[in-house]
Amino acid sequence: MTPFITVRPAKRADMPEVARFAAQLVRLHHALDPHRFLCLEPLEPGYQRWLTSELENPGAAIVVAEQGGAEPALVGYAYGRREPRDWNSLLDAYGALHDVYVAEPARRLGAGALLLEAVIGRLRALGAPRVVLHTATQNAAAQRLFERFGFRRTMIEMTLEL
């Protein structure tokens with residue numbers, strides 16, 4: 001039987017583990033395309049500082065997925081933020097889904113969907129009229145999850161190394 005997964009707002013005490021997940025997300029992207037994705041080690045200290053500061057931002061949402069059992073453990077997180085109008089991107093004010101990460105052993109147990117649902121709900125409560133995200137071209141599993149939630153493709157990023 002799979003232990004139950006719940007999602008809740010992140011707390012300061014969660015930040016070391018959330019920073020570890022954020023660093024894993026960066027490393028995953030860097031491994032997919034090291035020319036496109038920056039990876040300046042050590043990643044965890046910077047992410048812990050940044051995400052801890054975002055806990056105080058009323059326009060930010062950080063949620064964590066926790067797997068129950070004898071010793072509950074964090075298995076993922078999502079981070080979104082209400083963003084202002086962006087003329088360069090031709091976006092009116094919006095909610096940005098910056099990160100969704102689920103640790104490998106907990107994947108395909110529903111944690112990603114629960115995290116996505118929670119962060120979208122928080123962004124909706126903050127008045128975001130839409131949620132925009134970026135996903136790595138190679139990350140088909142994430143794209144399927146996002147499409148199940150109704151996300152549609154709107155832009156294709158292209159990169160030229162000089």
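The structure before you is a predicted model, in which local features need pLDDT of at least 70 and side-chain atom pairs count only at pLDDT 80 or more, while totals for chains, interfaces and linings use all residues. Residues are numbered from 1 along each chain as its sequence is written, and side-chain values use heavy atoms, with hydrogens and water left out.

I begin with Arg 8, which lies in strand E1, residues 5–9; strands (E, at least two residues) and helices (H or I, at least four) are DSSP runs numbered from the N terminus. Neighbours within four places in sequence aside, Arg 8 is in contact with Asp 14, Val 63, Val 64, Glu 66 and Leu 74. With the side chain of Asp 14, the Arg 8 side chain makes a polar contact at 2.7 Å. Such a contact is a pair of N or O atoms within 3.5 Å, and within protein one must be able to donate a hydrogen and the other to accept it; residues adjacent in sequence count only if both atoms are side-chain atoms.

I turn now to the helices. The axes of H1 (residues 15–32) and H2 (residues 44–54) come within 8 Å and cross at roughly 120°. Axes are lines fitted to C-alpha atoms, for helices over the stretch in contact, with angles from 0 to 180 degrees between N-to-C directions.

Finally, the axes of H3 (residues 111–125) and H4 (residues 140–148) come within 11 Å and cross at roughly 50°, which makes H3 oblique to H4. Gly 112, Ala 113 and Leu 116 of H3 meet Leu 145, Phe 146 and Arg 148 of H4.

Conventions. Contact = heavy atoms within 4.5 Å. Parallel < 35°, antiparallel > 145°, perpendicular 65-115°, else oblique.
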